[in-house]
Amino acid sequence: MLLGGARSGKSSEAERRLTLLADDALYVATGGRREGDAEWAERVRRHRERRPASWETVESTDVASVLRDATRPVLVDCLTLWLTAMMDEVGAWDDAAWAGGGQRALAERFDELEDAWRAVRVPVLAVSNEVGLGIVPESAGVRRFRDEQGRLNQRIAAASESVVLMVAGIAVTVR
């Protein structure tokens, strides 16, 4: 697991590490498409250009299924965008929806991902943002996101053989 802040070098480091594992790898892009967002499209283009042509790219938020079916090394980039999609699906941004079952539904998705992570039989790398080092967000929805990102990171880190924190492009081994 590679954690870090925005522009810390976590994706580049994960890609570098994956190239050491295999020529034929699976890259799982969880970010989706954002119609009309030119800056997002440019980010996606730069990521695609960095990847070796021999890697297969799958754009999906069904990471658990990908891990269950994996037969070659996998890079999941990133768990933060996966979490955003899951929170969208369960209505987690709305306090009433969160209290009315969204929290339970998100916990089930966490369980499914963690179970698949623990059961996978090929090397897997995941990129995730460390979002808990900053100020306390003003809105309840954003605080909820920050808290759930921390919970997700803890679960996947506990299930991982190694954890690396990227700081200013430098990989710092946590475990």
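Author: D24 counts as partly exposed because its relative accessibility is 41%. Buried means under 20% relative accessible area, exposed means over 50%, and partly exposed lies in between (1.4 Å probe, protein chains only). The model is predicted, so local features need pLDDT of at least 70 and side-chain atom pairs count only at pLDDT 80 or more, while totals for chains, interfaces and linings use all residues. Residues are numbered from 1 along each chain as its sequence is written, and side-chain values use heavy atoms, leaving out hydrogens and water.

D24 has a salt-bridge partner, R72, with N and O 2.6 Å apart. A salt bridge here is a side-chain nitrogen of Lys or Arg within 4 Å of a carboxyl oxygen of Asp or Glu. The pair links distant parts of the chain, 48 residues apart: D24 is in the loop between helix 1 and strand 2 (26–29), and R72 is in the loop between helix 3 (63–69) and strand 4 (74–77). Helices (H or I, at least four residues) and strands (E, at least two) are DSSP runs, numbered from the N terminus. R72 counts as buried because its relative accessibility is 19%.

An α-helix has 3.6 residues a turn, so residues three or four places apart point the same way. E13 counts as buried because its relative accessibility is 12%, whereas R17, at 25%, counts as partly exposed. Other buried residues of helix 1 include A14 and L18.
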